[in-house]
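Biologist: I would like to learn how to read a structure feature by feature, beginning with the general idea and then turning to the case at hand. Could you take me through this one slowly?

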Amino acid sequence: VSGQGLYLWKSSMGTGGSAEILGNLFANAGWDSDFIISISATTNICIRVGFCEATIANTDPPTDWFGVEYDTANTGHTNTDFTWTTNTASSPTYSIVNAKAADTNFHRFRFRSLVAGTILMSVDGGIETPVTTATNNAVGIFLQVIPRTNTSIRLIVDYVSYVAATGRI
């Protein structure tokens, strides 16, 4: 149904419900993640892949998240690219620097941080785009797909990974 999609969100389950397992990634460094995905169409679709707070992972758009977005109904930012997106307290920031035109092929989206306060985003091993504004809240891995009409659409997920430095020798 148009506007009713699906989201997947990875958290830890603790006392009292879910908790953001990864913590505040924007304030931390030494982590790396990969998402290898494909979409079934480039029309009438919204996908978001990255990191989001638990309590708003099912909203469109989430108020606090960062990652890659392709949304054919985004009136605030319309283009034909997979777009680097950060949304902090409902204030979105979009970038197509080093982005790639949306298509139905598989693509590898990488998010990582080498320095606290900067997230590096890239697609298919290309040049990394530094992002210096992102949510300062704790987050978990997040995937969302929403049809923008009653047409059937798919987000095909081949691979998702996250790793953080632990200080081990």
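Biologist: Which residues form one aromatic cluster here, and what counts as an aromatic pair?

Modeller: Rings of Phe, Tyr and Trp, the last taken by its six-membered ring, pair if their centres lie within 6.5 Å, and planes under 30 degrees apart count as stacked, over 60 as edge-to-face and the rest as tilted. In this predicted model, W31, F35, F51, F66, Y70, F82, W84, F109, F111 and Y162 form one aromatic cluster. By the pairing rule, the count comes to 13 aromatic pairs. In the pair of W31 and F51 the ring centres are 5.7 Å apart and the planes stand at 70°, so this pair is edge-to-face.

Biologist: Before we go on, what should I know about the numbering and the values?

Modeller: Residues are numbered from 1 along each chain as its sequence is written, and side-chain values use heavy atoms, with hydrogens and water left out. As this is a predicted model, local features need pLDDT of at least 70 and side-chain atom pairs count only at pLDDT 80 or more, whereas totals for chains, interfaces and linings use all residues.

Biologist: Are W31 and F51 buried or exposed?

Modeller: Buried means under 20% relative accessible area, exposed means over 50%, and partly exposed lies in between, using a 1.4 Å probe and protein chains only. W31 has a relative accessible area of 3% and is buried, and F51 is buried with a value of 0%.

Biologist: How do I read the strands, and in what order do they form the open sheet?

Modeller: Strands of a sheet pair through backbone hydrogen bonds, either parallel or antiparallel. Strands are DSSP runs of E with at least two residues, numbered from the N terminus, and two strands pair if DSSP finds at least two bridges between them. Here five strands form an open sheet in the order 11-10-9-4-13, with antiparallel pairing. Strand 11 (129-131) and strand 13 (155-164) stand at the edges with a single partner strand each, so one side of each is left without a neighbour in the sheet. From one strand to the next the twist averages 20°, where the axes are lines fitted to C-alpha atoms and angles run from 0 to 180 degrees between N-to-C directions.

Biologist: How many bridges join strand 4 to strand 9, and what is the bridge partner of F35?

Modeller: Strand 4 (residues 31-39) and strand 9 (residues 107-115) pair in the antiparallel sense over seven bridges, and the partner of F35 in strand 9 is F109. F109 in turn stands opposite V123 in strand 10, and strands 9 and 10 pair over five bridges, again in the antiparallel sense. These two strands form a hairpin with two residues between them, and G117 in the turn has a positive phi of about 95°. Five of the six residues of strand 10 (residues 118-123) are buried, so this strand is largely enclosed by the rest of the structure.

Biologist: What is S33 in contact with, leaving aside its neighbours within four places in sequence?

Modeller: Contact means heavy atoms within 4.5 Å. S33 lies in strand 4 and counts as buried at 0% relative accessibility. Leaving aside those sequence neighbours, S33 is in contact with F51, F109, R110, F111, S161 and Y162.

Biologist: Which side chain makes a polar contact with T129?

Modeller: A polar contact is a pair of N or O atoms within 3.5 Å; within protein, one must be able to donate a hydrogen and the other to accept it, and residues adjacent in sequence count only if both atoms are side-chain atoms. T129, in strand 11, is buried at 5% relative accessibility, and a polar contact of 3.1 Å joins its side chain to that of N98.

Biologist: How many disulfides does the structure hold?

Modeller: A disulfide is a covalent bond between the sulfur atoms of two cysteines, and the cut-off used is a pair of cysteine sulfur atoms within 2.5 Å. The structure holds zero disulfides. C46 is buried at 0% relative accessible area, and C52 also counts as buried at 0%.

Terms used: Helices (H or I, at least four residues) and strands (E, at least two) are DSSP runs, numbered from the N terminus.
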